[in-house]
Each structure stands twice: as structure tokens, then as C-alpha cells.
Amino acid sequence: MSGAVIREGYLQKSPPKPDSVVKGWQKRWCVLYESHMLKYFSDRSAFNKRDEPKGYVNLNDCQGVDTNVPRDIARKRKNGHLFTIKTPSRVYYFVAESSDERRAWVDDINRLIGVTPKSTENPEILLNPRELVPEPTITSTQPRPPSPPSPPLPAAAAVS
């Protein structure tokens, strides 16, 4: 067993070389586990029967999730809802049924492995926190300008 299931559903998965004409993209039943595993099966019934998966991605080794897929690969897929999972040994290419579904997979993987967006312009481009380097602290060499003078206090009313 691989722990609790976070998300499951059909995704198209590329062969190890996504431009391969010998072995094309395959529709796979994918299951994301809280144990940092993404397993893929031939179909849902294979998963339900507890068959061995066709393969898996160990997300402990994940270097990032990205939706900016190279144009040559994106052109070969019809719907364009692609995302990649990068590991030291391979880049896995997946295609979701819709942009909402792609966002859900990317967000769930992001939360699972603790990655943060590289930018707010495109939050689907993710960076592994192990790759984060603290930004240098910038200190000014110019003196701080003096504070403006405080306004005068109102005069006390005359007592009669």
C-alpha cells in the first residue's frame, strides 16, 4: 500500500522519449498518494483489482512541476493541457483532459512535495524548496533622511 490517495484520474502519459513514433502516448489511470508516489495503471479496473502499476514517479526526487512544455512536444498534443514532472533521471510528460484538471494535479503535487511558485505571473511554474537560495540583503550606504519636525502642540485654553 502507498498511503492515502490524494487524487486519481485519467491522464495521457508520454513514453520516455515524448517524440517517439514507435511507442505513442498512452491513457493511464494515475493515482497520487500521500506517500509521495504517483503510480500509473493501464486503466481504472487494473487499479481496482490491485494489479501492479505500469510504472511510477517517486516524488521524493521531484525537482519541479512545470506547465511550460517545449513547443515541439506541445504541438503533438491536441488539447494543450500538458504538464511535466522533473526528476533527476527523467522528465515525465502528462496531459490532462482540461485546464482545470491540469491545475488540480499541479496544485496537489505542489502541496504534496512542498514546492512554491517561481513567480506570481505564472504560478504553475514551480520550484522545489531545496533549490531556493536566499536573496542577499541589500543595505543602503546613504544616510537616512531626518524625520520631519513634529507639529506644534495646541496652546492651553486660558483659565478664568
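In this predicted model, K27 lies over the face of Y10, at 4.7 Å from the centre of the ring.

Contacts between rings form the next topic. A pair of aromatic rings is described by the distance of the centres and the angle of the planes. Rings whose centres lie within 6.5 Å are taken as a pair, and by this rule the structure has 3 aromatic pairs. One of them joins F41 and F47: the ring centres are 5.3 Å apart and the planes stand at 65°, so the arrangement is edge-to-face. F41 is buried, with a relative accessible area of 4%. F47 is likewise buried, its relative accessible area being 18%, which is under the 20% limit for that class.

Another pair is formed by F83 and F94, and here the rings are stacked, with 5.6 Å from centre to centre and 25° between the planes. Which strands hold these two residues? F83 belongs to strand β6, residues 82–86, whereas F94 belongs to strand β7, residues 91–95. The pair therefore ties together parts that are 11 residues apart in sequence. F83 counts as buried at 0% relative accessibility, and F94 is also buried, with a relative accessible area of 0%.

Conventions. Residues numbered from 1 in each chain as written. Predicted model: local features only at pLDDT ≥ 70, side-chain atom pairs only at ≥ 80, totals over all residues. Heavy atoms only, no water. Phe/Tyr/Trp six-rings, centres within 6.5 Å; stacked < 30°, edge-to-face > 60°. Buried < 20%, exposed > 50% of the residue type's maximum accessible area, 1.4 Å probe, protein only. Helix = DSSP H or I, 4+ residues; strand = E, 2+ residues; numbered from the N terminus. Lys NZ or Arg CZ within 6 Å of the ring centre and 35° of its normal.
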